[in-house]
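Me: Hey, could you walk me through a structure I'm looking at? Plain words, please.

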There are 2 protein chains.
Amino acid sequence: MMRARSDRMRRQYKTIVLIPTMGFLHEGHLSLIKEGHKHGDDMAVSIFVNPTQFGPEEDLESYPKNLERDLELLQEEGVDAVFTPDAKEIYGNKFQTYVTLEKLPNYLCGLSRPIHFRGVATVVAKLFNTVKPHVAVFGRKDYQQLVVIRQMVRDLDFGIEIIGAPTVREPDCLAMSSRNKYLTSEQRISALSLYKSLQKAKELIKSGVQDAATIIDWATELIQSYPETDIDYIAICDTETLVDIQIIDRPVQMALAVRIGKARLIDNMLLNP
Amino acid sequence: MMRARSDRMRRQYKTIVLIPTMGFLHEGHLSLIKEGHKHGDDMAVSIFVNPTQFGPEEDLESYPKNLERDLELLQEEGVDAVFTPDAKEIYGNKFQTYVTLEKLPNYLCGLSRPIHFRGVATVVAKLFNTVKPHVAVFGRKDYQQLVVIRQMVRDLDFGIEIIGAPTVREPDCLAMSSRNKYLTSEQRISALSLYKSLQKAKELIKSGVQDAATIIDWATELIQSYPETDIDYIAICDTETLVDIQIIDRPVQMALAVRIGKARLIDNMLLNP
């Protein structure tokens with residue numbers, strides 16, 4: 001049905017924009033839709049909590065949901081089509097085909113989430129084939145995901161323009177995420193340490209520090225000074241390959257993941273020397 | 001350019017048929033095109049010797065070519081578009097994304113050609129995304145390839161109808177293949193043993209044999225009675241999963257691969273009890 005609709009829209013010279021989401025929408029998602037409106041005139045949003053991108057110990061079962069509210073929000077945002085498949089529709093019982101990347105998943109989040117990006121690339125390929133968008137918008141908050149999708153689109157010739165939209169933050173600068181819901185009020189304060197460490201990095205670079213290890217040490221110390229923080233990784237890496245960088249003599253990506261209580265939070269920032 | 005053309009054809013309500021080939025066309029390929037004409041009104045043929053489906057010890061470098069003749073034949077067959085990309089265009093130097101199947105490549109040809117079906121699935125996904133066909137035709141001669149492509153299309157929601165076209169044979173029943181060119185006239189006689197063993201299996205089943213191992217023994221003996229034959233595998237398997245079958249109490253696929261000189265030949269047949 002989505003496919004037939006897309007074929008019709010394409011015949012009418014509409015430019016289809018897809019925003020893939022896992023639902024439980026917040027301002028971050030809505031900003032993707034606002035960005036999307038600039039790039040096309042037929043807006044499709046998918047809501048699908050994709051089981052293949054969750055590891056066995058992860059939060060697939062507890063991932064927050066509120067479909068009714070999501071649909072209201074999407075209507076307010078002028079979305080033309082909402083695609084809410086269920087897992088049985090997406091993964092038949094003989095399912096066995098995955099889109100795999102050889103290098104990009106071997107960095108950052110991929111190290112502690114070994115099947116995550118295979119699941120992401122696969123489901124996004126399926127959504128692309130079903131919705132047939134001209135443009136798709138992803139948040140820069142999930143930076144590695146954005147890089148993976150761009151690479152997949154190039155490598156498999158999807159011919160889809162991928163837009164990376166800026167991270168939307170709470171007033172105190174915590175990056176918006178459906179997983180912030182998992183935080184207690186004490187943990188919520190510790191969660192600010194992610195952004196603070198990125199800001200600290202920016203200041204250090206401004207003051208002349210070029211050595212990535214020095215910056216990572218500062219960031220580590222800062223985050224560890226907050227209760228209940230368990231650092232998964234802090235990395236300073238090439239913006240495209242995600243390979244670690246030692247000396248910051250060009251724009252680099254700083255990315256980090258920290259477990260706080262039940263939440264695993266991520267954030268990242270482009271750093272300019 | 002192929003993509004823009006396909007978008008135009010789709011807007012004109014044309015039904016695009018794609019026949020992916022590696023060139024050096026023979027009657028087998030032409031029969032795919034004839035079959036294709038029944039299913040659509042815009043016929044695209046790709047010619048691409050895909051490096052990622054050849055193992056390091058295989059015949060990528062020596063694979064026969066004759067582009068000029070191929071183009072003449074395609075013109076005679078009423079083909080509307082020919083896509084002849086080169087390897088650099090298909091695989092950029094940062095290429096790293098593959099379409100992988102978890103089960104089907106673990107049988108038959110996949111055992112001696114471990115990266116073959118990953119290469120096939122990946123390049124066909126790329127061709128599908130570029131040419132955007134409604135229908136694609138593959139020969140049943142490459143039976144495992146056909147099963148792999150059907151599975152990929154289902155799993156990744158390509159929404160493309162896959163047609164399997166009958167194997168075309170020489171007057172003496174050798175399955176047509178570009179690789180038959182590698183055979184000396186003595187080896188050409190040995191090559192008949194593949195079809196003869198399939199025929200023998202058919203007769204045995206007709207005479208009441210139900211045990212797959214007995215049939216495989218007969219076929220092995222028959223093939224080994226010809227000079228220079230080196231059996232890669234002889235299998236009797238489920239038509240969809242390719243899992244070995246012991247008792248032939250339903251239609252099954254018999255498939256085999258035999259090395260003869262520089263050629264590795266394959267053939268297969270549906271066997272009905």
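Me: Which strands form the open sheet in chain B, and in what order?

Reply: Five strands do, in the order E3-E2-E1-E5-E6, and the pairing is parallel. Strands here are DSSP runs of E, at least two residues, numbered from the N terminus, while helices are runs of H or I, at least four. Strands pair if DSSP finds at least two bridges between them.

Me: Is this predicted or what? And how does the numbering go?

Reply: This is a predicted model: local features need pLDDT of at least 70, side-chain atom pairs count only at pLDDT 80 or more, and totals for chains, interfaces and linings use all residues. Residues are numbered from 1 along each chain as its sequence is written, with chains lettered from A and ligands numbered from 1 in the order in which they are written.

Me: Ok, how many bridges join E5(B) to E6(B)?

Reply: Five. In one of them, Ala136(B) has Ile162(B) as its bridge partner in E6(B).

Me: New topic: how many residues does each chain put into the contact?

Reply: Chain B gives 24 residues and chain A gives 24 residues, where contact means C-beta atoms, placed from the backbone, within 7 Å. E4(B) gives the most to chain B's side, with five residues.

Me: And in what sense do E4 of chain A and E4(B) pair?

Reply: Antiparallel, over five bridges. Thr100(B) is the bridge partner of Tyr98(A) there.

Me: Why do the copies meet through the same surface?

Reply: Because 100% of the interface residues of chain B are also interface residues in chain A.

Conventions. Contact = placed C-beta atoms within 7 Å.
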